[in-house]
Amino acid sequence: MECASLYTFEVMASNSLGNIFKLSTFGESHGEAIGAVLDGCPAGLVVDMQRIQDELDRRKPGQSHISTQRKESDQIQILSGLFEGKTTGSPIAFLIQNVDQRSKDYRHIKDTFRPSHADFTFQEKYGIRDYRGGGRSSARVTAPIVAAGALAAQFLENQGVYISTWVSRVHDLSLDKKGHWSRDQIESNILRCPDSQMAEQMIKRIEEIKKAGDTVGGAISCSIIGTPIGWGEPVFEKLNANLAKAMMGINAVKAIEIGSGLQGTFRKGSEENDLLESKEGEIHTKTNNSGGIQGGISNGEEIFFKVAFKPVATIMQDQGSVDKDGNAVTVQGKGRHDPCVVPRAVPIVEALAALVLADFSLMARSSRC
Ligand SMILES: Cc1cc2nc3c(=O)[nH]c(=O)nc-3n(C[C@H](O)[C@H](O)[C@H](O)COP(=O)(O)O)c2cc1C
């Protein structure tokens, strides 16, 4: 065998998320298809297939002039695990064909490394790299995650748990209003920012940046209501830890802030603490700087967090880099790319939040006799 030693044999491990409600994904940007298998979804869930397709349409490329112009229909096929519109308890397989690949757009990076991409690390780690569209490192692999997340959201809604996710920042333009926005408010503009005036400014900023051949980052906020007390496990499976792990797994994510986040760490305990009070027989916190999670466990308040994305690495400008032999080269900005990923990343954040919570809803069922 060529790679006999454990130390020279590199596998691309860790393509799965979750303990009981467990998702494993496969596929590359310019391969035949991408997909996922969801194991552990309880039987008897009535699945709204149109909702799964709608979520994919919110993520798909080519949906507006401020996203990449790659055209993918992202038609979902469910190959197993459903019968007469309901889950059967067996693994649910999702498949999406790749249709609009233009691999020639990527030939120029076959032997060179694009700045701030995964080209260098993949090449060094595996010794082989599917350079077409970034291969496995492409955000294209998030499509089946969105499909599975749309199913998880339906599982959660049956338990009274609702997720709202929106764009709260583009570059330095920030919407600081808190809220649990409706889907109609979020979808009222192509940016997915529930404040139409701010959305206009943000769209204008992306248009200007795109015209200059450059890119910008931003942030997505997420609010979850209806989570019962007790979801999350102490130490290594904390609710905040698993949300952070899932969010940091999204391409281009650089930070997550839970509750008051970094801001809270600048305050005194007397300013930051969430005091408890009893109201009509129920115990609540007067404030919610903890973002609905204490000791890694949901406390019944609104869960809220913010996810920050870096500017898209591919800019339509020449950049200096090196080839795989270390020679200095110029990398040209080519291909079809997003000038800012946050509008398309909204359903991805939402899907991963749903998958993490669905997993904890099942784990929580084993906490007490
Ligand atoms: C929805 C979405 C779309 C993206 N589109 C692009 C793109 O068009 N061009 C690009 O260079 N990066 C894009 N990215 C980011 C890259 O996939 C990512 O930066 C790259 O794989 C390196 O990984 P890292 O930034 O997490 O380190 C996108 C990310 C997301 C979430």
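This is a predicted model: local features need pLDDT of at least 70, side-chain atom pairs count only at pLDDT 80 or more; totals for chains, interfaces and linings use all residues.
Residues are numbered from 1 along each chain as its sequence is written.

Is leucine 357 buried or exposed? It is buried, because 26 other C-beta atoms lie within 10 Å (20 or more within 10 Å of a residue's own C-beta count as buried, 12 or fewer as exposed, and in between as partly exposed, with C-beta atoms placed from the backbone). Leucine 357 lies in helix H9 (helices are DSSP runs of H or I with at least four residues, strands are E runs with at least two, and both are numbered from the N terminus).

Next I turned to helix H6, residues 239–248, where Leu239, Asn240, Asn242, Leu243, Ala246 and Met247 are buried. They are on the same side of H6 because they cover an arc of only 165° around the axis, taken from the directions from the helix axis to the C-beta atoms. Their cover includes strand E11 (253–258), strand E16 (303–309) and helix H9 (342–363).

Last, I checked strands E17 (residues 319–322) and E18 (residues 328–331), which pair in the antiparallel sense over four bridges; pairing requires that DSSP finds at least two bridges. Serine 321 stands opposite valine 329 in E18. In this hairpin, with five residues between the strands, glycine 326 takes a positive phi near 90°.

Definitions and conventions: Two residues are in contact if their C-beta atoms, placed from the backbone, lie within 7 Å.
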